[in-house]
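Hi,

My notes on what turned up follow below it.

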Amino acid sequence: MMRALLLMCAALAGLVQAAPKGDGKLFDPVASVVMSPRCINCHQVEAPHQKDIGIVHAQQVVRGADGHGSAVLHCAACHQASNSAQGRVPGAPNWHLAPLSMKWQGLDKKGVCQQMKDPKRNGNRKTGEQVIEHMKTDPLVLWAWNPGAQRTLPPMSHEDFIKALETWADAGMPCPQ
């Protein structure tokens with residue numbers, strides 16, 4: 001009887017150990033978008049970046065106290081509610097840098113993943129569903145798929161990006177190791 005109980009406990013322990021954790025590779029397609037120039041250029045510390053090579057914004061633009069530029073040069077001075085000047089000046093409603101708590105500058109995939117999961121550093125989004133809702137509806141996020149002026153698009157469609165986010169969230173939002 002004791003032997004059977006021990007065997008059963010060992011078998012159950014094996015099942016628990018074999019239970020798969022979420023695969024951190026599920027974040028790879030998400031990272032391919034959020035770490036692309038359309039996103040990372042505005043998830044900076046001091047100043048927005050431009051172009052696919054991520055150069056510091058021209059005109060000496062800086063973050064400012066609220067992420068909307070300096071007192072003498074607000075983002076909205078050039079960036080309107082939609083792309084303008086034949087798309088050369090990008091725009092979306094309430095154009096601004098991501099909050100400092102959401103800076104991705106200098107982070108690797110694991111760091112960005114951990115930040116996207118952390119309500120203290122992701123805009124107080126406590127669930128995967130809230131992160132997904134932000135990515136589905138925020139005008140600045142949506143701008144990435146309509147950037148104008150022959151700017152590169154994220155590496156997948158918005159629809160596929162949302163599916164990748166849902167897959168990642170459904171697996172428990174695992175991060176790469």
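The sulfur of Cys-75 has its closest cysteine sulfur in Cys-42, 7.9 Å away, which is too far for a bond. A disulfide here means two cysteine sulfur atoms within 2.5 Å. Cys-75 is buried, at 10% relative accessibility. The classes are buried (under 20% relative accessible area), exposed (over 50%) and partly exposed (in between), with a 1.4 Å probe and protein chains only. Cys-78 is partly exposed at 43%. Its closest cysteine sulfur is that of Cys-75, at 9.0 Å, again too far for a bond.

Please keep in mind that this is a predicted model: local features need pLDDT of at least 70, side-chain atom pairs count only at pLDDT 80 or more, and totals for chains, interfaces and linings use all residues. Residues are numbered from 1 along each chain as its sequence is written, and side-chain values use heavy atoms, without hydrogens and water.

The structure holds one disulfide. Cys-113 is joined to Cys-175, with S to S at 2.1 Å. The link is left-handed, with -90° about the S-S bond. Cys-113 sits in helix H4 and Cys-175 in the segment after H7, so the pair ties together parts 62 residues apart in sequence. Both cysteines are buried. Helices (H or I, at least four residues) and strands (E, at least two) are DSSP runs, numbered from the N terminus.

Next, the core. The largest nonpolar core has 26 residues. Such a core is a set of buried Ala, Val, Leu, Ile, Met, Phe, Trp, Tyr and Cys residues joined through side-chain atoms within 4.5 Å. Phe-27, Val-30, Val-34, Met-116, Phe-161 and Leu-165 touch the most other members. H2, H3, H4, H5 and helix H7 (158-170) each give two or more residues. The largest share, six residues, comes from H7. Beyond its neighbours within four places in sequence, Phe-27 is in contact (heavy atoms within 4.5 Å) with residues including Val-34, Cys-113, Met-116 and Trp-168.

Two backbone points. Ala-85 is not a glycine, yet its phi is positive, near 55°. Asn-94 also is not a glycine and has a positive phi of about 60°. Ala-85 lies in the loop between strand S2 (55-56) and H4, and Asn-94 is in the loop between S2 and H4. Ala-85 is partly exposed at 34% relative accessibility. Asn-94 is exposed, at 53%.

Best wishes
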